Amino acid sequence: MNVDDQWTRFEELEAGRVLGDLDAAEIAEWEVLSRDFGDDASLDLFAGELEAVMITEKPMSLPPEISARLKQKFSAASAAPVAKKPDNVVIGPWIGWAVAACLLGLLAVNGLNSDKPLSAEQRRSALLEKSTDAKRLPFASASNSYADAKGEVVWSDSRQEGYMTLSNIPANDPTKRQYQLWIVDPARDEIPVDGGVFDIPAGATSVVIPIVAKLGVKNPAAFVITLEQPGGVVKSKQEVVVALAKA
């Protein structure tokens, strides 16, 4: 194995070492190669910092400073010129951002130290906890057919994220009719923004529905739930209005 091949192998082992997934044979191989090439302690420090975050922070709560450092590392890796060791062995910049990418992937997919994706209810709670501009508006029935309908909408303009908590709304057959949310934002347009189509499952007493706004909204004045054809519509005739929440 020539020097270039040895360095390539060392890079692979170094990344694996920082991530902690080397077996005994690979560790022994790394120890031999590290005598010639050394190891990058900054990667250990960065990985350790992220590991501490994963242990101490609540799911999906990545501190802004760590997020910024991840972005900075990705940008630097893609733009950095290729450096060379004194013996002309090329040092690829990939180790640092590969480690960060793996860790960031774990954060995004697993919700930090959670094995399962967060539920809509958990994401709603996180939004209320972290967002400084989250609005909470109560839903009220908008017709006699849905006199018992009630709930609440939570919406953050800065995050463009929101959730509806609904109860006492009849279950629907998705093959026949579906519920659809409309977001009224006069500052944007007279036409309400489609907030997504959703279903109410049979037997559900209360459900949390994520809002899927098709366009950005800056200052919603109202949220309106209608009953539409399967798949929803582009523009509602509002023949069946289920519930309404006003700012």
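Biologist: Where is P174 found, and why is it called partly exposed?

Modeller: P174 is found in the loop between β5 and β6; strands are DSSP runs of E of at least two residues, helices are runs of H or I of at least four, and both are numbered from the N terminus. This is a predicted model, in which local features need pLDDT of at least 70 and side-chain atom pairs count only at pLDDT 80 or more, while totals for chains, interfaces and linings use all residues. Residues are numbered from 1 along each chain as its sequence is written, and side-chain values use heavy atoms, with hydrogens and water left out. The relative accessibility of P174 is 37%. Buried means under 20% relative accessible area and exposed over 50%, with partly exposed in between (1.4 Å probe, protein chains only). P174 therefore counts as partly exposed.

Biologist: Which residues does P174 touch, leaving out those up to four places away in sequence?

Modeller: D199 and P230; a contact means heavy atoms within 4.5 Å. P174 and D199 are 25 residues apart in sequence, yet 6.8 Å apart in space, C-alpha to C-alpha.

Biologist: What makes D36 count as exposed?

Modeller: D36 has 57% relative accessibility, so it counts as exposed. D36 lies in helix α2 (residues 24–37).

Biologist: What is noted about the phi of Q160 and of N168?

Modeller: Phi of Q160 is near 50 degrees, a positive value in a residue other than glycine. N168, also not a glycine, has a positive phi of about 60 degrees. Q160 sits in the loop between β4 and β5, N168 in the loop between β5 and β6. Because its relative accessible area is 33%, Q160 is partly exposed; N168, at 42%, is therefore partly exposed.

Biologist: How many cavities of 30 Å³ or more does a search of the whole structure find?

Modeller: The search finds 1, and the largest cavity has a volume of about 30 Å³. On a 1 Å grid over the protein atoms alone, a cavity is a set of points where a 1.4 Å probe fits but cannot get out, and lining residues have an atom within 4 Å of a point. Among the lining residues of the largest cavity are L166, N168, I200 and V207. β5 (161–167) and β8 (206–210) each supply at least two residues of that lining.

Biologist: What makes up the largest nonpolar core?

Modeller: A nonpolar core is a set of buried Ala, Val, Leu, Ile, Met, Phe, Trp, Tyr and Cys residues joined through side-chain atoms within 4.5 Å. The largest has 25 residues, of which F139, M164, L166, F223 and I225 touch the most other members. Elements giving two or more residues to this core include β3 (135–141), β5 and β9 (222–228). Not counting residues up to four places away, I225 touches residues including F139, M164, L166 and V242.

Biologist: What share of the chain counts as buried?

Modeller: 37% of its 247 residues. The chain has 6 helices and 10 strands. Of the contacts between residues at least 6 apart in sequence, 62% join residues at least 24 apart.

Notes. 1 Å grid on protein atoms, 1.4 Å probe; cavity = no way out; pocket = protein on both sides within 12 Å on 5 of 7 lines; lining within 4 Å. Points joined across faces, edges and corners; volume = space filled by probe spheres on them.
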